Amino acid sequence: MVSKPIFFLLLLAVALAVFQTRSLANAEDTESSSSARKPLVKIVKGKKLCDKGWECKGWSEYCCNHTISDFFDTYQFENLFSKRNSPVAHAVGFWDYRSFINAAAEYQPLGFGTAGDKLQGMKEVAAFLGHVGSKTSCGYGVATGGPLAWGLCYNKEMSPDKLYCDEYYKLTFPCTPGVSYHGRGALPVYWNYNYGQTGEALKVDLLSHPEYLENNATLAFQAAIWRWMTPPKKHVPSAHDVFVGKWKPTKNDTAAKRTPGFGATINVLHGDQMCNSGFDNDEMNNIVSHYLYYLDLMGVGREEAGPHETLSCADQEPFSSSSSSAPPSSGSSS
């Protein structure tokens, strides 16, 4: 039997070890946040470029701005997706803040969440996650916490009714025998050609192993952010560009009532399914509702969302209807 003095000494040793571990962790956190506040800076051809370490690495003008973790913290992620780990959810324990931040780190040097001031960054994160929340929600009208609290409830389509293999692309993106290319990820990827394109961009063999998107949350977020940042086809802008103001509408765009803003992101990602069908399109309105809800929860406020007419694509002609032919968007299930 251990004597009382020795027992108390053991307790003291354990307490001291825990204290030292926490102190070291806090020191690392402080060092990390300090490095985020003080980027490395150099001037190249008159342009200021910065490197903020792991979260915004690679000498970019965007890394001189606020990075996402400067204004979007774990508790905010938890607020936005408060019901994702409820017992009735379908991806319990899969999605988390760290996976999102690690995925975003690949694209912050390209302007994701860093293309302007802090407010602009917060709005873009809310916009992107608004799409994600809507597409992965299992919320409904009488759901606990309201229908908008159930984003990231899924990480895959639960009952696919086909393999989503298009043999037209058998030379470029051949289907792997027995593999199903149903929806997976944060912005669900469908069809073999979309898995092939996404895999090429991320340097992961998603054509052979589409299940990677339901097994790795960071990869699932990376695939979604890549889609947000990448033009879906020739002569069509990216969702990122139409949201942050990098896209300048042509005369044809203006005639088609396509204007920069959140509504145009819906057009880029889902135009042929949701746009130019009036204000009664439930899918479109659900995405808008998630965006406004997230703006409120992040402390930005929905009043910063912009004019009502730019929030949706109700009157916008789809980009795809006036562009060269290309595969439908990754989210298409038709």
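How many disulfides does a search of the whole structure find? It finds five, where a disulfide is a pair of cysteine sulfur atoms within 2.5 Å. Before I go through some of them, a word on the model. It is a predicted model, in which local features need pLDDT of at least 70 and side-chain atom pairs count only at pLDDT 80 or more, while totals for chains, interfaces and linings use all residues. Residues are numbered from 1 along each chain as its sequence is written, and side-chain values use heavy atoms, with hydrogens and water left out.

Back to the disulfides. If you count the bonded cysteines along the protein chain, the pattern of links is 1-4, 2-3, 5-6, 7-8, 9-10.

One of the five joins Cys50 and Cys64, with 2.0 Å between the sulfur atoms. The torsion about its S-S bond is about 100°, so this disulfide is right-handed. It links distant parts of the chain: Cys50 is in strand 2 (residues 47–51), and Cys64 is in the loop between strand 2 and helix 2 (68–71), 14 residues apart. The cut-offs are under 20% relative accessible area for buried, over 50% for exposed, and partly exposed in between, using a 1.4 Å probe and protein chains only.

The next one is Cys138 with Cys153, again a disulfide, with sulfur atoms 2.0 Å apart. Its S-S torsion is 90°, and the link is right-handed. Both Cys138 and Cys153 lie in the loop between helix 5 and helix 6 (192–202), so the pair ties together parts that are 15 residues apart in sequence. Cys138 counts as buried at 16% relative accessibility, and Cys153 is buried at 0%.

Then there is Cys275 with Cys313, where the S to S distance is 2.1 Å. This link has -85° about the S-S bond and is left-handed. Cys275 is buried at 7% relative accessibility, and Cys313 at 0%.

Now the aromatic rings. The whole structure has 22 aromatic pairs. For a pair, rings of Phe, Tyr and Trp (its six-membered ring) must have centres within 6.5 Å; planes under 30 degrees apart count as stacked, over 60 as edge-to-face, and the rest as tilted. Take Phe100 and Phe128: their ring centres are 6.4 Å apart and their planes are at 20°, so this pair is stacked. Phe100 is in helix 4 (residues 97–105) and Phe128 in helix 5 (residues 118–135), so the pair ties together parts 28 residues apart in sequence. Both Phe100 and Phe128 are buried. Trp191 and Tyr193 form another stacked pair, 6.1 Å centre to centre, with 5° between the planes. Trp191 is buried at 11% relative accessibility, and Tyr193 at 3%.

A ring can also face a charge. The charged end of Lys42 sits over the ring of Trp59, 4.5 Å from its centre. The test is that NZ of Lys or CZ of Arg lies within 6 Å of the ring centre and within 35 degrees of the ring normal.

Last, the helices. In helix 4, seven of the nine residues are buried, so this helix is largely enclosed by the rest of the structure. Its buried residues, Phe100 and Ile101 among them, pack against helix 2, helix 3 (74–80), helix 5 and helix 8 (217–229). Contact here means heavy atoms within 4.5 Å.

Helix 6 is also largely enclosed, because eight of its eleven residues are buried. Those buried residues include Tyr193, and they pack against helix 7 (212–215) and helix 8. Two packed helices are described by the angle between their axes and the distance between the axes. How do the numbers look for helix 6 and helix 8, and what is the angle? The angle is about 100°, and the axes are 10 Å apart. That makes helix 6 roughly perpendicular to helix 8. Axes are lines fitted to C-alpha atoms, for helices over the stretch in contact, with angles running from 0 to 180 degrees between N-to-C directions; under 35 degrees counts as roughly parallel, over 145 as roughly antiparallel, 65 to 115 as roughly perpendicular, and the rest as oblique. Where they meet, Gln197, Thr198, Ala201 and Leu202 in helix 6 face Leu219, Gln222, Ala223 and Trp226 in helix 8.

Technical notes. Helix = DSSP H or I, 4+ residues; strand = E, 2+ residues; numbered from the N terminus.
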